[in-house]
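Please look at the sequence and the model before reading on.

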Amino acid sequence: MSQEKELTFSEAIEKAQQSIVRFPLIPIRGIPLMSYIAQNFDSIWAFRPDPSDLLIATYPKAGTTWTQEIVDLLLHNGDAEACKRAPTPVRSPFLEICSPPPIPSGLDLLRKMDPPRVIKTHFPFQLVPPGFWENKCKTIYVARNAKDNMVSYFHFDCMNKTQPEPGPWEGYIHKFMQGELSWGSWYDHVKGWWAEREKRNILYLFYEDMKENPRREVERIMRYLDLSLPDDVISRIVELTSFKSMKENPMANYSCVPKPVFDQSISPFMRKGEVGDWTNHFTAEQSKVFDEDYEKQMKGTDIPFRTQI
Ligand code: PPS
């Protein structure tokens, strides 16, 4: 009996190329999601994690991949080779992602792994399967200031051929402010997770803090995971997760996703990795309009965002 060879992640994407389009967004409980995700929402909602699983939650482009790499290295005692066993989305599956077959969905990949697993999500708090809270899973949330987050998302939407067309920058700002992008409103996302952080023992981190003092934030994550690694291992992890190292690391820089899906000649996945790049994109007038709207949308919140460090 002939046994079919299992496709690698990259091979599966290559094979599905013809079916890759910029998927329309369909609202689920008011949150616009890529159609494939929306159609599979019931099975995602029913996912039962193991209590030992760790969730890494972010609004898209807030520092997910960086945090996934830090966590993987912490869990492997800073062993760089062990963390090159597979590309990021295979080592640390994306809970809700669903794409045309034969690309494995996040749930497909999770089913094949033994706990403890490190699971990525971009869901706002209310869409996370309740099993995570029933099982008291540890959760790291990473937030990034709205302006840099939006700039990063804009470039990503230009190169990621499964996301809706970003259109011109001016219009994109308005879509962001109105919560019309995939995974919905940045404002509701960061506020929703902030409100739950104490009750759910969520480690709420900021991209800007990670840039300012990566060692401090790596140690913070280490303590949250109840690990204690020697100083030299922590130093190695900080070095291996620098922007430069990750940009050059084929297992972390998303070169696993072929060009018809992620066209990194339009914008690399590891694009700039800076705080304050928004100043190179917003005109003074755009910044004023954005700030006025921000004041309204964030009124009454005390989340300590920084747009410069
Ligand atoms: S995704 O697609 O939502 O999972 O993207 P995500 O990983 O959340 O965000 C991508 C942005 O994070 C930057 N990045 C880093 N910055 C600093 N240091 C390290 N190590 C690092 N790794 C990824 C990446 O460059 C994207 O930001 P921009 O501003 O576009 O460069």
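## The shell around the ligand

Three helices, α4 (64-75), α8 (146-159) and α14 (243-248), each supply at least two residues of the shell around the ligand. Helices (H or I, at least four residues) and strands (E, at least two) are DSSP runs, numbered from the N terminus. The largest share of this shell, three residues, comes from α4. The model is a predicted one, in which local features need pLDDT of at least 70, side-chain atom pairs count only at pLDDT 80 or more, and totals for chains, interfaces and linings use all residues. Residues are numbered from 1 along each chain as its sequence is written, and side-chain values use heavy atoms, with hydrogens and water left out.

In total, 22 residues surround the ligand, and the closest are T64, T65, S152, Y207 and K272. Sorted by class, the shell has nine nonpolar, eight polar and five charged residues. Here Ala, Val, Leu, Ile, Met, Phe, Trp, Tyr, Cys and Pro count as nonpolar, Asp, Glu, Lys and Arg as charged, and the others, Gly among them, as polar.

## Polar contacts and cover

Which residues have polar atoms at 2.9 Å, 3.0 Å and 2.7 Å from an oxygen atom of the ligand? For K61, a polar backbone atom is 2.9 Å from a ligand oxygen. For H122, an N or O atom in the side chain is 3.0 Å from a ligand oxygen. For G273, a polar backbone atom is 2.7 Å from a ligand oxygen. The protein covers 98% of the 650 Å² of accessible area that the ligand has on its own. Such areas come from the Shrake-Rupley method with a 1.4 Å probe; for residues, only the protein chains shown count as cover. A polar contact is a pair of N or O atoms within 3.5 Å; within protein, one must be able to donate a hydrogen and the other to accept it, and residues adjacent in sequence count only if both atoms are side-chain atoms.

## The largest pocket

The ligand sits in the largest pocket, meaning that more than half of its atoms lie within 2 Å of the pocket's grid points. On a 1 Å grid over the protein atoms alone, a cavity is a set of points where a 1.4 Å probe fits but cannot get out, and a pocket is an open set with protein on both sides within 12 Å along at least five of seven lines; lining residues have an atom within 4 Å of a point.

The space in the largest pocket is about 930 Å³. Grid points are joined across faces, edges and corners, and a volume is the space filled by probe spheres set on the points. Of the 49 lining residues, K61, T65, F156, Y254 and F269 lie nearest the centre of the pocket. Helix α8 gives the most to this lining, with four residues.

The structure holds one cavity of 30 Å³ or more. Q68, V71, D72, R85, R91, S92 and V118 line the largest cavity, and α4 gives the most to that lining, with three residues.

Note on methods
Near = heavy atom within 4 Å.
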